[in-house]
Amino acid sequence: MTAMTAQAAEPVDVQLAGRPAGAKTASSLMAPVQNIYGRSHISLNGRWHYIVDPYENGYYDYRHMPFDQSQTGKGGYYDDRQPKDKTDWVEYDFDRAPTMKVPGDWNSQAEKLQLYEGTVWLRQRFEAAPKPGRHYVLSFGAVNYEAHVYLNGKKLGMHKGGFTPFQFDVTGKLNQGRNTVVVKADNKRYQDEIPTVNTDWWNYGGITRDVLLAELPASYIADYKVQLKKGDPGRIEGFVQIGGDGKSQRVTLRIPEAGIATTVQTDANGRAAIAIPAGKLERWSPEHPKLYAVELSAGEDKVQDRIGFRTIETRGRDILLNGKSVFLRGVSIHDENPLIPGRLRGQGDMRMLLQWAKDMNCNYVRLAHYPHSEEMIRLADEMGLMVWAEVPVYWTISWNNPDTYANASTQLNDLIVRDKNRASVVIWSVGNETPISAPRNAFMGKLVSTARGLDDTRLVAAALEIHRSGNDITVEDPLAERIDLISFNEYAGWYWASNAEMLNYRFNIQQDKPVMITEFGADALGGYHADADTRWSEEYQDTLYKNQFKMLAGIPGLRGLVPWILVDFRSPRRQHPYFQDGWNRKGLISDDGKKKQAFWTMKSYYDEVRKRYESK
């Protein structure tokens with residue numbers, strides 16, 4: 001069997017998820033194939049049987065040694081055994097176990113699992129008819145957090161990271177007819193992982209995104225990038241990578257609607273650069289989210305994608321979209337449906353949230369604080385919303401641990417590799433609210449370099465913290481010199497100062513870069529009304545927003561706002577029994593989908609900003 005690989009753009013190599021570069025293993029984990037949904041595939045979504053295993057009896061023997069590392073490799077729940085006769089001893093039974101929907105988190109599907117953190121085993125059976133001379137890929141959109149995957153009782157490998165896709169080469173490992181895939185999903189939190197133990201969102205466990213079995217020809221298009229060249233919007237620049245058996249191939253790129261066609265020859269490593277005139281391609285923008293059908297073909301393989309073409313850059317204190325100054329009218333969004341408990345389940349949930357953002361006259365969303373699904377990004381392409389895409393390097397990471405950095409770098413790699421062709425993504429974010437220290441500065445600085453090495457066509461940023469001295473607010477983070485925006489969170493009027501006091505503060509931003517307020521806001525229980533001085537009321541939240549606009553107007557380089565957050569979301573940190581009850585209430589929309597007063601205030605502000613920028 002020939003292992004399939006898909007290399008990232010030079011000069012940064014894609015590491016296998018959850019493992020340091022250069023690690024040697026028998027794992028079938030592979031760098032993900034680009035646009036897996038565009039390949040011939042069957043879905044393994046549906047009802048999966050599950051076993052809750054808090055003591056991990058299905059993984060360790062009584063001496064706490066992993067069964068899959070024993071001499072036989074057998075003994076765990078992944079064997080999916082049935083008693084041979086009445087004398088046989090088996091202490092589990094998937095067939096009699098309950099089922100849950102995949103994709104979906106377990107916390108919202110069984111009351112006893114609402115607060116559960118630990119191991120759950122999930123099993124699915126499916127039919128396959130593998131053909132000789134074809135490659136087969138088992139693809140997971142995301143499993144939170146650590147996943148051990150077994151096919152027909154044999155371990156394929158392990159992946160860490162709750163929000164990035166991963167794939168296994170299962171060529172030669174499929175049965176004709178019935179097959180069984182078993183996943184050990186474990187969402188326990190650890191200090192040395194990404195994210196770490198302390199977050200402000202619900203730790204949903206399980207197989208939360210699609211599971212697919214894809215079929216590819218013997219030689220196939222593993223990866224590609226087709227985007228406008230940085231600094232030269234008159235040219236398309238990128239690459240194509242061939243995987244499989246025959247690396248040297250002629251690859252044809254076509255954009256029929258634009259009359260663009262070219263053929264390149266890959267080298268012995270399966271790689272070829274793409275550099276061609278862009279012709280008269282219409283530019284993608286929120287007002288005109290133009291997508292082109294892009295076709296790549298090589299031998300037996302052909303893949304189609306829908307790609308938009310635009311430029312994004314900064315010049316002094318301006319952000320330029322397609323060469324024109326733009327104000328990013330944003331809002332933050334979590335990957336959670338407030339109306340139906342749990343992670344977003346599909347396109348209907350995603351469209352609802354993105355449409356709510358557009359209802360507020362947003363042209364931009366911050367997808368916090370981790371990679372959202374590929375489908376969410378493609379919908380942003382289609383619906384005309386620019387995107388801030390982020391990895392969960394959040395708060396107090398283990399900055400000195402090299403394995404922690406390898407994990408963070410891998411998640412950033414996987415995000416960029418997956419979404420590099422999406423016009424909507426204009427900013428890669430390397431983290432959120434990370435406290436300044438020398439080890440942190442080195443860690444974050446390396447992530448910035450990684451992002452730039454993988455993709456130089458987008459902005460790189462992070463949500464920084466501010467500093468207050470008297471009534472002056474400054475940004476004194478050395479990371480600000482490494483990134484493209486002075487982007488920071490500030491909670492004037494909520495975590496510090498009152499609604500009246502916040503107007504005494506002034507921003508003193510010295511850097512000659514665009515300023516982006518990546519978070520501000522206040523909690524308000526939807527439907528709770530009082531005067532503007534009463535915390536938790538819609539009136540308090542609304543007044544805070546109005547005062548924010550006054551306070552922020554003094555920043556000459558202000559080029560974007562991202563209030564926290566579009567809609568209330570669940571968080572175990574939020575303990576007030578009446579006003580919070582396990583919810584972060586900073587949403588502009590309540591948990592029952594009703595728009596709070598501040599939603600309309602924010603919309604009115606964005607309406608004015610849009611008119612001002614359209615008149616320039």
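Visitor: With which side chain does the side chain of Lys 420 make a polar contact?

Guide: Glad you asked! This is a predicted model, and in it the side chain of Lys 420 pairs with the side chain of Asp 223 in a polar contact of 2.8 Å. You will find Lys 420 in the loop between helix 3 (402-419) and strand 28 (425-432).

Visitor: Is Lys 420 buried or exposed?

Guide: Buried means under 20% relative accessible area. Lys 420 has 4%, so Lys 420 is buried. Setting aside neighbours within four places in sequence, its contacts include Tyr 224, Phe 239, Trp 428 and Arg 458.

Visitor: Now the helices. How do helix 5 and helix 6 lie to each other?

Guide: In general, two packed helices are described by the angle between their axes and the distance between the axes. Here the axes of helix 5 (residues 538-552) and helix 6 (residues 597-614) come within 8 Å and cross at roughly 20 degrees. Angles under 35 degrees count as roughly parallel, so helix 5 and helix 6 are roughly parallel to each other. The crossing is right-handed.

Visitor: Which residues meet there?

Guide: Among them are Tyr 545 and Phe 549 from helix 5, and Met 602 and Tyr 605 from helix 6. By class, this contact has 5 nonpolar, 3 polar and 4 charged residues.

Visitor: And where is Thr 266?

Guide: Thr 266 sits in the loop between strand 17 (260-265) and strand 18 (271-277). Thr 266 is buried, at 2% relative accessible area. Its side chain reaches the backbone oxygen of Lys 247 at 2.6 Å. Ser 248 is 18 residues away in sequence, yet the C-alpha atoms of Thr 266 and Ser 248 are 5.1 Å apart.

Technical notes. Residues numbered from 1 in each chain as written. Predicted model: local features only at pLDDT ≥ 70, side-chain atom pairs only at ≥ 80, totals over all residues. Heavy atoms only, no water. Helix = DSSP H or I, 4+ residues; strand = E, 2+ residues; numbered from the N terminus. Buried < 20%, exposed > 50% of the residue type's maximum accessible area, 1.4 Å probe, protein only. Polar contact = N/O pair within 3.5 Å; in protein donor to acceptor, adjacent residues only side chain to side chain. Contact = heavy atoms within 4.5 Å. Axes fitted to C-alpha atoms, helices over the stretch in contact; angles between N-to-C directions. Parallel < 35°, antiparallel > 145°, perpendicular 65-115°, else oblique. Left-handed = near helix turned anticlockwise from the far one by under 90°. Nonpolar A, V, L, I, M, F, W, Y, C, P; charged D, E, K, R; others polar.
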